[in-house]
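I opened the model today and kept notes as I went.

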Amino acid sequence: MDREPRNNHFHIHWIKKKILDWEPFDTHADAQARAQELAGPNEIFTVEELSVKCPVCGGKAATAN
Ligand SMILES: [Zn+2]
C-alpha cells in the first residue's frame, strides 16, 4: 500500500502545444488514462508530477494573503 502526499499531484503535459493541462489528478494512472482519452492520434504527452508550487493550480485555487 502506498500513501501519496496530498499536496503532490499530476498534470498532463502536452508536448506539441507546450502547455500543462489545467486539470489536476491525484495519481499518475488517472492522468495517464485521461490523457489517452484526450489525445489526438498525433498528440504527444507526458504526465508530470507537481508539488504545492504548481504553476497551473497555484494561482487560481488559493486566495490566501
Ligand atoms: Zn496543479
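I count two residues as in contact if their C-beta atoms, placed from the backbone, lie within 7 Å. On that basis I looked at contacts in the protein with a separation of 6 or more: residues 24 or more positions apart account for 54% of them.

**Ground rules.** I number residues from 1 along each chain as its sequence is written. This is a predicted model, where local features need pLDDT of at least 70, side-chain atom pairs count only at pLDDT 80 or more, and totals for chains, interfaces and linings use all residues.

**Confidence.** pLDDT is the predictor's confidence in each residue, from 0 to 100. The protein averages 85, and 80% of the residues score at least 70. Confidence is highest in H1, at a mean of 97, and lowest in helix H2 (residues 57-61), at 65. Where pLDDT is low, the predicted coordinates should not be read in detail.

**Layout.** I take helices (H or I, at least four residues) and strands (E, at least two) as DSSP runs, numbered from the N terminus. I find two helices and three strands. Their order from the N terminus is β-β-α-β-α.

**Sheet.** Strands pair if DSSP finds at least two bridges between them. The three strands form an open antiparallel sheet in the order E2-E1-E3. Strand E2 (19-20) and strand E3 (45-50) are the edges, each pairing on one side only. Six bridges join E1 (residues 9-14) to E3. I checked His13: its bridge partner in E3 is Thr46.

**Helix on the sheet.** Helix H1 (residues 28-38) lies across E1 and E3, at about 30 degrees to E1. Axes here are lines fitted to C-alpha atoms, for helices over the stretch in contact, and angles run from 0 to 180 degrees between N-to-C directions.

**Burial.** A residue is buried with 20 or more other C-beta atoms within 10 Å of its own, exposed with 12 or fewer, and partly exposed in between; C-beta atoms are placed from the backbone. Of the 65 residues, 11% count as buried.

**Lys18.** Lys18 sits in the loop between E1 and E2. Its phi is positive, about 60 degrees, although Lys18 is not a glycine. Most residues other than glycine have a negative phi. Lys18 counts as exposed because it has 7 C-beta neighbours inside 10 Å.

**Asn8.** Which residues does Asn8 touch, not counting those up to four places away in sequence? I find Glu49, Leu50 and Ser51. Asn8 lies in the segment before E1. With 12 C-beta neighbours inside 10 Å, Asn8 counts as exposed. Asn8 and Cys54 are 46 residues apart in sequence and 8.9 Å apart in space, C-alpha to C-alpha.
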